[in-house]
Amino acid sequence: MRVLALASEIYPLVKTGGLADVAGALPLALAKEKVEMRTLIPGYPAVMAKIEAARAVHRYEEFYGGPARLLRAKAGALQLYVIDAAHLFNRPGAIYQGPDGADWPDNAVRYAALARAGADIVRGYDVNYRPDVVHAHDWQAGLVAAFIRFDGAPERPGVVATIHNLAFQGRYPRETLGALGLPPEAFAVDGVEYYGGVGFLKAALHFADRVTTVSPTYAQEIRTAEGGMGLDGLLRARGDAVSGVLNGVDVDVWDPATDPLLPAHFSADAMKGRAACRKALQEAMRLAPDPDALLVGVVSRLTWQKGLDLLPDAVGKLGRDNIQFAMLGAGDSDLEHRFRALASEYAGRIGLRVGYDEALARLIQAGSDALLVPSRFEPCGLTQLCALRYGSVPIVARVGGLADTIVDANEMALAAGVATGLQFAPGSSERLAEALSRAASLKRDAGLWRTMQANGMATDVSWTRPARRYLQIYRDAMRDARGGD
Ligand code: ADP
Ligand code: GLC
């Protein structure tokens with residue numbers, strides 16, 4: 001089976017969050033299921049610098065305001081198409097935002113171009129290639145579903161759209177429609193129209209044969225008025241076409257026995273190296289070298305979604321619990337300021353690094369006792385999966401994929417010996433403080449804590465099962481596409 005994926009970021013070339021991890025790992029997992037996946041990505045500077053064996057398969061004289069080339073290329077084991085369009089993608093710094101921190105004003109056009117190029121591959125712009133399925137990730141790829149329909153080829157591939165985060169919808173004013181390259185009739189309720197404007201994600205949810213999101217619980221949450229962010233009606237109307245498939249992590253990249261970014265290695269039955277990682281983490285974060293403290297790690301974007309704004313209040317409520325924090329994050333500048341203040345108030349107990357740092361992220365996973373993910377909503381979440389694999393016990397809010405991937409240490413789970421972490425109700429600093437205290441007291445029972453760690457490290461967080469689910473969904477989408485509509 002040939003699948004063309006479209007993604008606005010892909011690990012290890014360019015990453016702002018979990019979407020890149022998924023876009024980079026899924027093709028490798030699918031290859032084992034005999035699925036040949038190629039991924040179409042924008043030619044940002046980081047991409048153009050890292051791709052190998054690039055050759056042009058199509059030249060556009062004029063593509064959304066300038067000339068462009070569609071390249072076929074590789075990066076390691078990843079098979080790629082790249083849109084080389086300097087006027088759209090050759091910009092320094094962040095990929096979605098300009099130097100002022102605001103979204104690029106032409107993002108609608110930039111990502112319409114991604115979708116248009118995908119639809120052009122479907123209509124044969126690389127003469128040697130026709131995909132059976134097109135897999136669009138998030139709103140940035142969403143319009144491909146609309147382009148394919150309005151191109152109106154007699155035979156079209158199955159189309160699958162995956163929602164990684166419903167909070168980002170790609171919603172633009174009606175006036176942008178002309179610049180996007182869609183026909184006027186596309187502007188309809190049964191089309192790309194969304195609350196009077198153009199909705200990129202809405203278009204994907206409407207036109208895709210199958211819609212997936214990244215956990216079963218999130219698939220339920222987004223069908224409710226509370227979690228649906230304006231799209232719940234449409235998602236309910238799509239019925240069984242919508243499903244939840246948990247993410248995995250690339251267990252070759254995330255392996256504490258071989259991770260080249262760690263100062264020492266370990267595995268479930270040889271845990272000695274873990275103590276060295278813990279010590280190195282305390283040093284790196286200027287924490288007191290206390291072997292008894294519960295060392296809680298955080299690796300996160302700093303946004304409202306992640307619930308970390310509740311942490312300063314929770315810390316104030318912790319009382320006598322011996323808890324340290326090693327925090328790595330970047331995002332909202334007011335949150336960054338609050339955490340800087342907190343870290344200086346609690347020097348030696350709260351270590352903070354503001355920024356994006358892959359090596360420190362790994363060290364936090366390998367050296368912390370527990371990993372905190374207090375999200376208000378979380379479609380899947382990857383850091384808690386990495387934590388399981390690295391022997392850090394996840395403390396998570398009971399939402400979305402966090403609820404689906406962590407077995408809470410309640411009485412029954414402890415009695416059965418199956419707990420892998422702690423869950424708590426989202427959205428309040430009281431519940432968060434309680435969960436942290438509960439973790440601190442569980443850790444005082446060393447045998448019990450070791451069992452939780454071992455359970456986590458034995459959990460299958462690989463892509464093997466999810467890849468098989470995607471294969472089935474691709475088959476369903478192909479069948480739907482052939483069935484006509
Ligand atoms: P989201 O995509 O919502 O940010 P995920 O948990 O799905 O959340 O994925 C986040 C990914 O980004 C993980 O691979 C995590 O390790 C990584 N990450 C997040 N923040 C940082 C950071 N400051 N430095 C390094 N890696 C980070
Ligand atoms: C989004 C979500 C996150 C998910 C990731 C990959 O960024 O916020 O929960 O893990 O996509 O699917």
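1. Gly 381 reaches ligand 2 through its backbone: an N or O atom there sits 2.8 Å from a ligand oxygen, a polar contact in the sense of a pair of N or O atoms within 3.5 Å. Taken alone, ligand 2 exposes 310 Å², and the protein buries 92% of that (Shrake-Rupley areas, 1.4 Å probe).

2. A caveat: this is a predicted model, with local features needing pLDDT of at least 70, side-chain atom pairs counted only at pLDDT 80 or more, and totals for chains, interfaces and linings using all residues. Residues are numbered from 1 along each chain as its sequence is written, chains are lettered from A and ligands numbered from 1 in the order written, and side-chain values use heavy atoms, leaving out hydrogens and water.

3. Side chains join in too. An N or O atom of the Glu 378 side chain is 2.5 Å from an oxygen of ligand 2, and a polar side-chain atom of Gln 305 lies 3.2 Å from a ligand oxygen.

4. Around ligand 2 there are 14 residues (a heavy atom within 4 Å); His 164, Asn 247, Glu 378, Cys 380 and Gly 381 come nearest. By class, the shell has six nonpolar, six polar and two charged residues.

5. Where does ligand 2 lie relative to domain 1 and domain 2? Domain 1 (2-248 + 464-481) and domain 2 (272-458) both give residues to the shell, so ligand 2 lies between them. The bounds come from an automatic or database domain assignment.

6. Helix H1 (residues 18-31) supplies the largest share of that shell, three residues (helices are DSSP runs of H or I, at least four residues).

Terms used:
Polar contact = N/O pair within 3.5 Å; in protein donor to acceptor, adjacent residues only side chain to side chain. Helix = DSSP H or I, 4+ residues; strand = E, 2+ residues; numbered from the N terminus. Nonpolar A, V, L, I, M, F, W, Y, C, P; charged D, E, K, R; others polar.
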